[in-house]
Amino acid sequence: MRGLLCALLIAGSGVCAQTVTREEGLAAWDRIYAVASHPRCTNCHVGDQDAPMWEGLGFGSGVPHGMGVKADESRIGAESIPCRTCHVTAAGRDVASPAAPQIDDAWRLPPVELDWLGESSAAVCAQLRDPETNDGFDIAGLAEHLRSSAFVAWGFEPGAGRSKPVGSFEEMARDVELWGAAGSPCE
Ligand code: HEC
Ligand code: HEC
């Protein structure tokens, strides 16, 4: 039945591109931004500053990572103290704050253009919909990244003592598909 009604089904998602309105796309974007601007994401998505952040951990706002940690150009602190010294790569560890989070990927900062810390909804929206500034992803690729990234999975289940964004990585991936089907509106 659905195949008859919907000629353009977004691969694997069950989202019908023709039925998503601009308003629904904007509402999906607002939910995406609410996650992207949460400290569990912005503490790493810091743009071109060297230091990761320690916001939303009880140290106050605008507080950079303690112990003089810097990611530098390598984004893994190779030039000073490597992230892996404390953020050991390990699967399935539920590490409570204030210990260093550990995930099944090399803990590091994103490339500088994936800059969300302190950025407005309009700025993050423009960055995220443009493959030139989003690591080369189309909408399907972005949704896939959200479903498969160990960083994103950790952000939604960061362990005891850490606040977390509303929703799940699956809900966020679906919101990205809705937003994309509406033409990725920003405002
Ligand atoms: C000397 C040990 C040490 C090193 C080296 C280190 N970290 Fe951390 N990091 C910690 C600890 C401990 C915490 C937990 C703080 C808390 O929960 O109160 C932490 C937390 C973080 C957080 C915040 C997590 C959250 O809950 O939002 C980020 C982001 C982070 N580190 C990034 C990095 C990056 C990137 C590097 C390498 C450039 C790095 N860290 C190197 C010890 C370290
Ligand atoms: C520990 C650091 C870290 C945390 C925390 C983190 N990310 Fe990332 N993120 C990265 C890195 C590194 C990349 C670059 C791609 C890769 O290497 O996997 C990235 C890339 C991305 C991308 C790809 C495209 C783009 O334009 O940004 C998205 C989307 C993303 N992250 C979403 C999130 C969300 C949502 C959260 C919070 C729930 C989050 N990330 C938390 C490190 C992090």
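This is a predicted model: local features need pLDDT of at least 70, side-chain atom pairs count only at pLDDT 80 or more; totals for chains, interfaces and linings use all residues.
Start at the iron atom of ligand 2. His 45 is its only protein donor, and the contact runs through NE2 at 2.2 Å. His 45 sits in the loop between helix H3 (39-42) and helix H4 (121-129).

Stay in that loop for two backbone features. Most residues other than glycine have a negative phi, and most peptide bonds are trans. Arg 75 is not a glycine, yet its phi is positive, at about 65°. Arg 75 belongs to the loop between H3 and H4. The other feature is a cis peptide bond between Ser 97 and Pro 98, with omega at about 15°. Pro 98 is also placed in the loop between H3 and H4.

Now turn to the second largest pocket. The space in it comes to about 150 Å³. Its lining has 16 residues. Nearest the centre of this pocket are Arg 93, Gln 102, Ile 103, Trp 154 and Glu 157. What classes of residue make up the lining? Nine are nonpolar, three are polar and four are charged.

Finish with a helix pair. Helix H2 covers residues 22-36, and helix H7 covers residues 169-181. The two pack with their axes 8 Å apart, at an angle of about 140°.

Notes
Residues are numbered from 1 along each chain as its sequence is written. Chains are lettered from A and ligands numbered from 1 in the order in which they are written. Side-chain values use heavy atoms; hydrogens and water are left out. Donors are N, O and S atoms within 2.8 Å of the metal (3.2 Å for Na, K and Ca); water is not among the atoms, so sites may look incomplete. Helices (H or I, at least four residues) and strands (E, at least two) are DSSP runs, numbered from the N terminus. On a 1 Å grid over the protein atoms alone, a cavity is a set of points where a 1.4 Å probe fits but cannot get out, and a pocket is an open set with protein on both sides within 12 Å along at least five of seven lines; lining residues have an atom within 4 Å of a point. Grid points are joined across faces, edges and corners, and a volume is the space filled by probe spheres set on the points. Ala, Val, Leu, Ile, Met, Phe, Trp, Tyr, Cys and Pro count as nonpolar, Asp, Glu, Lys and Arg as charged, and the others, Gly among them, as polar. Axes are lines fitted to C-alpha atoms, for helices over the stretch in contact, and angles run from 0 to 180 degrees between N-to-C directions.
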